[in-house]
Amino acid sequence: METVKPIIAGEVVRLSPLVRRVTAPNPGMMTGPGTNTYIVGNDVLAVIDPGPVSEPHFDRIRELVGDRLRWILCTHTHLDHSPGARALQAATHAQTIGMPAPPHGSQDVSFFPDRIFKHGDVIEGGDFTLRGIHTPGHASNHLCFLLEPEKLLFTGDHIMQGSTVVITPPDGDMIEYLQSLDSLLALDVVRVAPGHGHPIETPHEEARRLIAHRLKREQKIIAAFSGRNPATIDELVPVAYADTSPKLHPVARRSLHAHLIKLERDGQVRQVGEHWTLRS
Ligand SMILES: [Zn+2]
């Protein structure tokens, strides 16, 4: 079996004729080996997700793009993805592209793109085109970018490799997340380049697997009401996430909340104060 080389911060990896990856030195529970920054093109260049504010990472990107950078695209405005845009833009005068930060949650409000991308918007480089695909769910302003000549999809935190995407209400939305995963099934893609982790070579299977995983978790949440109805989120977490390390429960709590909001909209649960009731 082919062994996958571990991801090392600062190391440049060529993924395809048009794409190089360099990972920021911000590994962690939420970021896996760190945030992936992608450099697209060979003539004029685009950077996708400049990452957090980090001097070594900034220096590395600068070195790689020289004076050829035209666009800085951000998949969303969480603090591990877009804050690096500011210094990079100041140094290169490249155009920033994405959707501005929504007012709630821990967002990078310093990111206000020169060009606000809408679903379907395109940039044309010399040897590539990148198309924006609006994929709300992990964040309401989340975009994936489709590199059309290679059928490669940059998925930011919509699809990650090696860890589960956290859906944090109110900006995170489980119904939208599932719909956005479903919408990827209609795209002609052969490869995913995620915001964290290694490329995924089976995009449609992965989207289907993720949808199935969430729906299975939803069933575990419904089952967790057995013997405790109504229940608080804190009572439900250890039961619904019994298969997950307790260290992850504070994070799982947010996704569980997102599931409950979905179930409430589906008419299956009702919230009164801190308590959630499963309807019979
Ligand atoms: Zn991230």
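Student: In which loop does Pro170 lie?
Tutor: Helices (H or I, at least four residues) and strands (E, at least two) are DSSP runs, numbered from the N terminus. In those terms, Pro170 lies in the loop between β11 (152–156) and α3 (174–184).

Tutor: This is a predicted model, in which local features need pLDDT of at least 70, side-chain atom pairs count only at pLDDT 80 or more, and totals for chains, interfaces and linings use all residues. Residues are numbered from 1 along each chain as its sequence is written, and side-chain values use heavy atoms, with hydrogens and water left out.

Student: Is the peptide bond that joins Pro169 and Pro170 cis or trans, and what is omega?
Tutor: The bond joining Pro169 and Pro170 is a cis peptide bond. Its omega is about 5°.

Student: What is omega for the peptide bond from Asn229 to Pro230?
Tutor: Pro230 is placed in the loop between α4 (203–224) and α5 (233–240). The bond that runs from Asn229 to Pro230 is cis, and omega is near 10°.

Student: Is His93 buried or exposed?
Tutor: His93 belongs to the loop between α2 (85–92) and β6 (95–98). Although His93 is not a glycine, it has a positive phi of about 60°. Buried means under 20% relative accessible area, exposed over 50%, and partly exposed in between (1.4 Å probe, protein chains only). Because its relative accessibility is 69%, His93 counts as exposed.

Student: What is the relative accessibility of Lys151?
Tutor: Lys151 is found in the loop between β10 (143–147) and β11. Lys151, a residue other than glycine, has a positive phi near 50°. Lys151 counts as partly exposed because its relative accessibility is 34%.
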